Amino acid sequence: MIRATGLTKDYGSRRAIENLTFEAKQGEVVGFLGPNGAGKTTTMRILTGYMPPTSGSAQVAGFDIISESIEVRRRVGYLPETVPLYPDMTVFEYLKFMADLRHLPDAEDMVDETLEMVQMGKRADGYISNLSKGMRQRIGLAQALLHKPEVLILDEPTIGLDPAQVVEFRNIVRDVGKERTVLLSTHILSEAQQLCDRVLIINKGRIVAEDTPENLQARLVGAEHVVLRIKGEADDLLPIVAKIEGVQNARLQPDGMVEFQFAPGTDVRPTVARAAITAGFDLLEFRPVGLSLEEIFLQLTQDDTRKER
Amino acid sequence: MRNIWTIARREYRHYFSSPIAYIVALLTLLSVGVYFVVIVYYLTNQSYYSNTAPGIDIVIGPMATVFLFATPALTMRLLADEQRMGTLELLLTTPIREGELIVGKWLGAFLFMVTVIAATLVFPVVLNKLTSPGIDQGAMISAYTAIILLTAVFLAIGTAMSSLFNNQFAAFFATLAILILFWWLIRMPTYIIQNTTINSIFNYLDLNNRFTNMLAGTMSLSDIVYPLSLTALGLFVSSLAVETRRWR
């Protein structure tokens, strides 16, 4: 369980996060979504007891992060963005060291078990300096999972993983997330959608939106975007598409595709497809395009400024 | 205690995979060895000296000079490197206290240096065979206590500097500067100032003075208390530096 109330952190005169209030319950995977410098890492560092907030308070696993920092740290598994490892140690030595710092009984068994979980059992005796980025990421995750923490905090955990590893990683997080609280940060929207029960969008140190990924997308996507590509020049197709009722904002893309929007609930796609074929064009591609994170941010931050006025 | 030991053990092992540690060990044994051979040669072959039996100071004396330069090289990375690699964030989010981290780090370096010092025990053994009726055991214990205390101080000052600077070289030179101050410069004012009260303060703070007393076998309680308090001060400053780092 994580409960943050009015967290604020200043670095000198710069305010990194302002008045963050949010909650993450047991059995919930909460995603922190935001661009670089939004305050995600700062918030995580405060919650893990690495540094105190300038003002505000937070409880993690039922303990206060300032007055009961050690108790919090006992119950939190944390994977910092930098994936801190000691290159001069073997995988096993490193995890054993971390297990000893956490006073785990039968530390060696725990290490073996966790290594199996992240599928690194075969590399236990290899030096960390010889591991690839993806493997290091897994060792970092193993370190965070080692003591079966009540709360798992992962800062940009999928950076540097290849697609197959990302899938594996998601499975691990989803597994862990069933019984414990997971807070993870990312700037990849699709990842947040697949992994998280709830998403907090943070920008310039403030929470600008909080909802389930589905609701968030429905709320944000006012209109659906579609692109279509035909064989040959699309210049002639544009006026035909633009004329169809329900099609909004039809325009030619620099790469020769035609892009248009339509309001949710009025699906004009079949009409457009039929019209293109009837007019004698060879349809090569026809697909929806999601809003990119940038667009969502733009939308949200615009809303934010409007509200302020 | 357990956390201190965990940290110290990692640190100690790390030195055995670090080139700097081997260079420090080699430098120590080489310079002490060369000095030893030359002195023993002179004392046994030159008639002028032949009445003087070599004492343990010919082993411990040069060691102190080597350590003045070698210990900053061992401590410079202690915390600066953790900061650089981001592992400090990892350590400070595990349930250990800043003090335990600092003492553990220092202890790891200290145990390594004690290992190096232990390797020099071969010289007194040789010396014991060469002289008759052997060397003064009391003087030997006192001299080794002196060098171990001195190492503790040097390393604690190095640990403090490493926790204050993010840059290893800054940590190295800052440590060296402070060591030179306490080892050589601090007695300089006494050559100018006539006031005996002020001079006695400078003499008290002079590490070299303490060390020489112990080497000569004229050890007083303050010769032990002073280096121990300097060590404690160094470690206290380090903990404070790490703690305030959180608040920055």
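In the predicted model, Glu156(A) lies in the loop that connects strand E7 (151-155) with helix H6 (163-177) of chain A. The phi angle of Glu156(A) is near 45°, which is a positive value in a residue other than glycine. Glu156(A) has 23 C-beta neighbours inside 10 Å and therefore counts as buried, the cut-off being 20 or more. A positive phi is also found at Ala61(A), again a residue other than glycine, with a value near 55°. Ala61(A) belongs to the loop between strand E4 (55-60) and strand E5 (63-64) of chain A. Ala61(A) is buried because 20 other C-beta atoms lie within 10 Å, and the cut-off for a buried residue is 20 or more.

Chain A as a whole contains 11 helices and 14 strands. Of its 309 residues, 39% are buried. Along the principal axes, the C-alpha atoms of chain A fill a box of roughly 75 × 50 × 35 Å. Among the contacts in chain A with a separation of 6 or more, 66% are between residues 24 or more positions apart.

Four strands of chain A form an open sheet in the order E12-E13-E11-E14, and their pairing is antiparallel. Strand E12 (248-252) and strand E14 (283-289) of chain A are the edge strands, each pairing on one side only. From one strand to the next, the twist averages 15°. E12(A) and strand E13 (residues 258-262) of chain A run antiparallel and are joined by three bridges. Leu252(A) stands opposite Val258(A), a residue of E13(A). Helix H10 (residues 269-278) of chain A packs on this sheet, where it touches strand E11 (224-230) and E14 of chain A. The direction of helix H10 of chain A makes about 160° with that of E14(A).

The contact between the two chains takes 19 residues from chain A and 18 residues from chain B. On the side of chain A that touches chain B, the elements that give two or more residues are helix H2 (69-75) and helix H3 (91-101) of chain A. The residues on this side of chain A divide into 10 nonpolar, four polar and five charged. For the complex, the predictor gives an ipTM of 0.89 and a pTM of 0.84. Chain B has a mean pLDDT of 90, and 97% of the residues of chain B reach 70 or more.

Note on methods:
Residues are numbered from 1 along each chain as its sequence is written. Chains are lettered from A and ligands numbered from 1 in the order in which they are written. This is a predicted model: local features need pLDDT of at least 70, side-chain atom pairs count only at pLDDT 80 or more; totals for chains, interfaces and linings use all residues. A residue is buried if 20 or more other C-beta atoms lie within 10 Å of its own, exposed if 12 or fewer, and partly exposed in between; C-beta atoms are placed from the backbone. Two residues are in contact if their C-beta atoms, placed from the backbone, lie within 7 Å. pLDDT is the predictor's confidence in each residue, from 0 to 100. Ala, Val, Leu, Ile, Met, Phe, Trp, Tyr, Cys and Pro count as nonpolar, Asp, Glu, Lys and Arg as charged, and the others, Gly among them, as polar. Two strands pair if DSSP finds at least two bridges between them. Axes are lines fitted to C-alpha atoms, for helices over the stretch in contact, and angles run from 0 to 180 degrees between N-to-C directions.
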